[in-house]
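Please look over the sequence and the model before reading on.

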Amino acid sequence: MDKTPPKIGLALPFRKQLQRLKRAVIPCSSDPKNDFRLLKHAAVMVDMLGQTGLLQGARVVELGTGWVPILPLIFRCGGAGEIVTVDHDKLMDKHTFKHAVTFIRENLDRAAESSATPRALFDLARLPSRSEP
């Protein structure tokens, strides 16, 4: 018999509306340590995929994008042609998207250095401008 407790959030009436209301009052804030760790690991993935030649111009699908789309954006900087993000719930919004773009711009050099990934693999010009959503 499965003893996993039920997920209360899935049964909560008006869950999506409550989530939007909460986000309007309390914007999502991410953990910079987690964001940096993800950026480092994403840089390594881009390096590994780049060595195979599979990333250039490829369509990349990310399942479970979450709040901050660092991984799909760094794949775009690494040469992916098209990025498709999928999540059960729409968690990402204009605020978290802009945060991800800014975070990558400000931290990519340090992440590439600390992960021993060549910085030349990444083209920040492929990121959306700061004025785009």
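Which residue just after H4 takes a positive phi? Glycine 79 does so, with a phi of about 120 degrees.

## Basis of the report

This is a predicted model, in which local features need pLDDT of at least 70 and side-chain atom pairs count only at pLDDT 80 or more, while totals for chains, interfaces and linings use all residues. Residues are numbered from 1 along each chain as its sequence is written, and side-chain values use heavy atoms, with hydrogens and water left out.

## Overall organisation

The protein chain contains five helices and two strands; helices (H or I, at least four residues) and strands (E, at least two) are DSSP runs, numbered from the N terminus. Read from the N terminus on, the order of elements is α-α-α-β-α-β-α.

Of the 133 residues of the protein chain, 34% count as buried, where buried means under 20% relative accessible area, exposed over 50%, and partly exposed in between (1.4 Å probe, protein chains only). The accessible surface of the protein chain comes to about 8800 Å², and 60% of this surface belongs to carbon and sulfur atoms. Accessible areas come from the Shrake-Rupley method with a 1.4 Å probe; for residues, only the protein chains shown count as cover. Among contacts (heavy atoms within 4.5 Å) in the protein chain between residues at least 6 apart in sequence, 70% join residues at least 24 apart.

## Helix H4 and its surroundings

Seven of the eight residues of H4 are buried, so this helix is largely enclosed by the rest of the structure. The buried residues are Ile70, Leu71, Pro72, Leu73, Ile74, Phe75 and Cys77. They pack against H3, S1, S2 and helix H5 (94–114).

Two packed helices are described by the angle between their axes and the distance between the axes. For helix H3 (residues 32–52) and helix H4 (residues 70–77), the angle is about 35 degrees and the axes are 9 Å apart; axes are lines fitted to C-alpha atoms, for helices over the stretch in contact, and angles run from 0 to 180 degrees between N-to-C directions. On the H3 side, the contact involves Asp35, Leu38, Leu39, Ala42, Met45, Val46 and Leu49, which meet Ile70, Leu71, Ile74 and Phe75 in H4. The residues of this contact divide into ten nonpolar, no polar and one charged. Here Ala, Val, Leu, Ile, Met, Phe, Trp, Tyr, Cys and Pro count as nonpolar, Asp, Glu, Lys and Arg as charged, and the others, Gly among them, as polar.

S1 and strand S2 (residues 82–86) pair in the parallel sense over five bridges; two strands pair if DSSP finds at least two bridges between them. Leucine 63 stands opposite valine 86 in S2. Strand S1 (residues 59–63) has a covered face, Val60 and Glu62, and an uncovered one, Arg59, Val61 and Leu63.

Valine 60, placed in strand S1, has a relative accessible area of 14% and is therefore buried. Leaving aside neighbours within four places in sequence, valine 60 is in contact with Leu55, Phe75, Ala80, Glu82, Ile83 and Val84.

## After helix H5

Alanine 116 lies in the segment after H5. Its phi is near 55 degrees, a positive value in a residue other than glycine. Alanine 116 counts as exposed because its relative accessibility is 65%.
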